[in-house]
Amino acid sequence: MTIQTLLRTARILGAAVAAVALSGCATVYLVDNQVQSFPRWADQAAKPGTPVAVPQAPQIFRFDRLPSQRDARSSTGQDQLETLAALALAKVGWTRAADGTSSPWLVQVDASTLRLPRAPWESPYDNFWGGYGGFGPGFGHAMPGRDYIVTGNGQIVWMPVFPRIETPYYKREVTLVIRHAASGKVVYETRAAHDGRWNSSNGLWSAMLDAALRDFPAPPEGVRQVNIEVPR
């Protein structure tokens, strides 16, 4: 077998492996969440110390909004968020009450996004240059991560040949608060935080809501990691 044949075979095998890897990666993506929940079901009791059973499914609830969430500028986004939250709550046996009907529980849901120009561990000077040098004798070399070159005689020339392309990084959080309708007391609070480069989508927010409701209505104490795989 000739060298050319070996090289051709290696290229074909490499392409096949890459195709398989890409097809596997294209099926799902991982949304890793830091989740913390605070059950306070006993707080709904009329008298302190009165034992109250943790509500078991099925239950009926209705959404309650803060004044800022009722504002016309944010109401459309809040409608979409509550639709996704209703789907997540339905998975744990809580159903949204019909319009005009009462329910024993009120649910508030909120979401926030902080957009960063880059990941917290990345330097703003990264990727101006692909690495050291390649300019030949007398032309000096490029310092990686900097927007200058040093010529052969030691002169510094500022010229970012390869300007940085920013890749945004997002920090997101969803919070659900459940209140006892009759007393107005908060009986359950949970939040899920996720950061990464994924663009905002219904699948992403649904995964975060599902994570926030993991182990509902009796979650473990403390912060825990909940990973959700989302179809692409």
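**Close-ups of a predicted model**

**View 1. Leu176, a buried residue in this predicted model.** You'll find Leu176 in strand S8, which spans residues 169–180. Setting aside residues up to four places away in sequence, Leu176 touches Leu89, Val107, Gln108, Val109, Tyr188, Glu189, Thr190, Leu209 and Ala212. Ala85 sits 91 residues from Leu176 in sequence, yet their C-alpha atoms are 8.6 Å apart in space.

**View 2. Leu209 and its contacts.** Here we're looking at one of the residues that Leu176 touches. Beyond its neighbours within four places in sequence, Leu209 is in contact with Leu81, Leu84, Ala85, Ala88, Val109, Val174 and Leu176.

**View 3. The largest nonpolar core, with 34 residues.** Trp94, Ile178 and Leu209 touch the most other members of this core. At least two residues each come from strands S1 (28–39), S2 (59–63), S4, S8, S9 (186–196) and S10 (224–231), plus helices H3 and H4. Nonpolar side chains in soluble globular proteins do tend to be buried together.

**View 4. The largest pocket, holding about 210 Å³ of space.** Its lining is made up of Gln69, Ser74, Gly77, Gln78, Gln80, Leu81, Leu84, Asp110, Ala111, Asn202 and Trp205. By type, that's four nonpolar residues, six polar and one charged. Helix H3 (72–90), strand S4 (105–116) and helix H4 (202–212) each provide at least two of the lining residues, and H3 has the largest share, with six. Leu81 and Leu84 line this pocket and are also among the contacts of Leu209.

Key: Residues are numbered from 1 along each chain as its sequence is written. This is a predicted model: local features need pLDDT of at least 70, side-chain atom pairs count only at pLDDT 80 or more; totals for chains, interfaces and linings use all residues. Side-chain values use heavy atoms; hydrogens and water are left out. Helices (H or I, at least four residues) and strands (E, at least two) are DSSP runs, numbered from the N terminus. Buried means under 20% relative accessible area, exposed over 50%, partly exposed in between (1.4 Å probe, protein chains only). Contact means heavy atoms within 4.5 Å. On a 1 Å grid over the protein atoms alone, a cavity is a set of points where a 1.4 Å probe fits but cannot get out, and a pocket is an open set with protein on both sides within 12 Å along at least five of seven lines; lining residues have an atom within 4 Å of a point. Grid points are joined across faces, edges and corners, and a volume is the space filled by probe spheres set on the points. Ala, Val, Leu, Ile, Met, Phe, Trp, Tyr, Cys and Pro count as nonpolar, Asp, Glu, Lys and Arg as charged, and the others, Gly among them, as polar. A nonpolar core is a set of buried Ala, Val, Leu, Ile, Met, Phe, Trp, Tyr and Cys residues joined through side-chain atoms within 4.5 Å.
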